[in-house]
Amino acid sequence: MNSTTKATTQQLPIELSQSLESDLNELRQRTLSKVGEEDAAYIRRIIRIERWSGIFGRISMVLGFIHPMYWVFGVLALAFSKILNNMEVGHNVMHGQYDWMNDPNINSRSFDWDNAGDSDSWRHYHNYEHHTYTNIIGKDRDFGYGLLRLSNDLPWRIKNTFQVFIYMLLSLLFEWGVAYHELAGDRVFSKKKNNRKKRLSAHDLKRAFFSKAGRQIFKDYIFFPLISGPMFLPVLLGNFLANLIRNLWTSTIIFCGHFTEDIHTFSQEQCNNETKGQWYHRQMLGSSNIEGRKWFHILTGHLSCQIEHHLFPDIPAHRYTQMAPEVQAIAKKHGIPYNTGRFSRQYFTVLKRIIKYSFPQSATKPKEPLTASN
Amino acid sequence: MKTLTKNNISIKKQQVKDFIKINLPLSLVNSKEVNSYFEPLIQQFIPQWTNHRFRAKILSVVRISHNVIALTLQPSKKWSGFLPGQFIELTTHQNGAAFTRCFSISSAPRLWEKDNKIELTIREQNNGKVTPWLINGLKAGEYTQISAAKGDFTLTDRPNHKVLIAAGTGITPIKSMLGSLKYERHDSSIDLIYFARDEHLFQEELTTLASHSHLKNHAKINVHFINSKSQGRFSIDMLRQICPTFIDSEFFICGPAQMITDTRQALIKEGVSQQHILQEFFSAHSTQPDLKDIQISNTELGNVQFIKNAMPTDVSATPKTTLLELAEAAQLNPNYGCRMGVCHQCKCTKKSGITLNTTTGQISDTGEEEIQLCVSLPVGDVQVEI
């Protein structure tokens, strides 16, 4: 029932994995053949909404001197714009979902987002490391972000006892946590051993980090407050709040995608020489979905369909909701668990997981209900 | 000493200016250019408005032969004009995707200067993604996008006798040149040698042009239509019959790659100076393979040219070797990630040629597009920017 203990998930038998591979490939081809005008119009519409609400939000915030409600609306509109920019536009465009449009401004290689993380380093560690080695302990640095102990694959340390607080802090400062994590902070800054494939030197990573971070700080905490004149402080505070709201939202959604209760983890040995079918299998076990309405899916950048996203990271994300029932049927056919649920339920199990692994593994009763270890 | 410090200050000032110019848009709109940020918003009001290219109104699209169409455009006023012989990149949108292809301008600059019009003459490629689509895809009255005029295949100021050699639709830039030459007074004459297999485009227009050449203020133009089926390809004997003394002539050649290479070699062998031969390669893929026959196991092996930091490296393709592996073998250190087509780290721009996607089995068109190196096999000659 609870398979989250140690990286013990078995690889799928070869016949099953072949059938899984062909079923999912077929779904992929069928969906890709529909991609076209509709998807281009969709992403352009979202970009327009994102930009107009950003512009509106920044102006409305300044008008706060007329009535404070303008300021409140402004903050919310800016937060909304930043969420769309990061989730539905940035994340998906940088996955190459819209590269087929041949639009130089909607291109995975050139797109930059309104986020402290440098997009070049993000593309490498997210698209390559996280998506290729999903939930492989030691290879997917997203699993716990090097801050949280989320499975028994890592030995327990005293500091883990307080990881709930670390988690809350990480949520509030998510963009900075991720930006720092991107350049493998511990390795670049304190010069620990570096066993990663070196694409960018430590120097390049550091420079990218500081220049991107500097630009973001300049925009939200210097430039826009300054040109607002007497509204300097309210605008500064409003921008800070908008970033905070965005951080909380993105972190919450992302945690629901990979750190829910029944998520599986994997060891490096298990995944050597895996076939595409086995890779698909691992993606399905390592991800979880959140159910919700259309607006909710859009605000999550369709990361609410994390399973579909991990199976097909380069298919335009707004197609995931159509694919989900089919993926679920394919999962059922192959006896693979399909982890989905309401937001409240999924988020609750994330918190449970964070708390559960705050404490050392109880060696005598490894399969006890989670509450027992609290 | 004093001037030195002054210089230093002005250099510093320039550095600060450059720093702001680069970083301000990056900071405020997360884009290198502010206009890129506003582009989708502006397009709500001005369709096809673009930051990188020029808008052009489609005036007419007509078929002028069984597989050739004429496209008349009215570029926006910001467009900076062209020299006869130059080409533009035409960007059209099909099913949400932009496709960019190069076409020579066939009209003379006078038409642009007088009426703000340019004309393209386009042969529909078999199996092409863009050219066969144009006739029904483009609608008069709508807008499309074009680049600034490009290319070095232009007339010179030299007074030498000029020989223009065209094959097939290679006539287009040359027609533009003739249209401009006819108003220029030249002491020496111009010879056009025009090869075509079935029909000669613009036959009437060119004949009229030649018949006007006795008029005052018109250059003397001789037009020689050659049917390459019955009369064969270019040869020095043929040239001698048309103009016995050609050693000091200037040559402008436009047509398929093979025709250009052969003609050029023959001329150089006869002693024509290399500097007097200009050429424009046309329809590099005149022999487009039947696309249905291409499979992973039997891709046609050609030459792959990788361009890194504007430096070309030529590599011969080997069976079942992806472009990523070829680039690595050539020690070009391309970017890569998963090597299975998932992460898009190895994405590059294919400038020309056909590639086969090994995961989807899809075959690309010949034009410029984004490809993933790790799952792409070259089919024939391919040029990739990495």
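Visitor: In which sense do strand 2 and strand 5 of chain B pair?
Guide: This is a predicted model. In it, strand 2 and strand 5 (residues 118-123) of chain B pair in the antiparallel sense, over six bridges.

Visitor: What stands opposite B:T72 in strand 5 of chain B?
Guide: B:E119 stands opposite B:T72.

Visitor: And how many bridges join strand 1 of chain B to strand 2 of chain B?
Guide: Eight bridges join strand 1 (residues 54-65) of chain B to strand 2 of chain B, and the two run antiparallel. A hairpin of two residues joins strand 1 to strand 2 of chain B.

Visitor: Which residue of strand 2 of chain B is the bridge partner of B:K57?
Guide: The bridge partner of B:K57 is B:Q74.

Visitor: Which residues of strand 2 of chain B are on its covered face?
Guide: B:I69, B:L71, B:L73 and B:P75 make up the covered face of strand 2 (residues 68-75). The uncovered face has B:V68, B:A70, B:T72 and B:Q74.

Visitor: Why every other residue?
Guide: In a regular strand, side chains alternate between the two faces of the sheet.

Visitor: New topic. How many residues does each chain bring to the contact between A and B?
Guide: Chain B brings 29 residues and chain A brings 37.

Visitor: Which element of chain B gives the most to the side that touches chain A?
Guide: Helix 2 of chain B gives the most, with five residues. Helix 1 (2-29), helix 2 (34-42), strand 4 (97-104) and strand 15 (369-372) of chain B each supply at least two residues of that side.

Visitor: How do the residues on that side of chain B divide into nonpolar, polar and charged?
Guide: On the side of chain B that touches chain A, 11 are nonpolar, 14 are polar and four are charged.

Visitor: Over to chain A. Which residues of helix 14 are buried?
Guide: In helix 14 of chain A, the buried residues are A:Q346, A:T349, A:V350, A:R353, A:I354 and A:K356. Seen down the axis of helix 14, these buried residues fall within an arc of 165 degrees, so they line one face of the helix.

Visitor: What do the buried residues of helix 14 of chain A pack against?
Guide: They pack against helix 5 (163-172) and helix 9 (232-258) of chain A.

Visitor: Last one. Which residues of chain A does UniProt list as "transmembrane region"?
Guide: The UniProt entry, which is unreviewed, lists residues 55-80, 164-183 and 221-242 of chain A. In the model, residues 55-80 of chain A are 81% helix and 0% strand, with end C-alpha atoms 11 Å apart.

Notes:
Residues numbered from 1 in each chain as written. Chains lettered and ligands numbered in written order. Predicted model: local features only at pLDDT ≥ 70, side-chain atom pairs only at ≥ 80, totals over all residues. UniProt positions renumbered as here; feature names shortened; annotations may be inferred. Helix = DSSP H or I, 4+ residues; strand = E, 2+ residues; numbered from the N terminus. Buried ≥ 20, exposed ≤ 12 C-beta atoms within 10 Å, placed from the backbone. Arc of directions from axis to C-beta. Contact = placed C-beta atoms within 7 Å. Nonpolar A, V, L, I, M, F, W, Y, C, P; charged D, E, K, R; others polar. Pairing = 2+ DSSP bridges.
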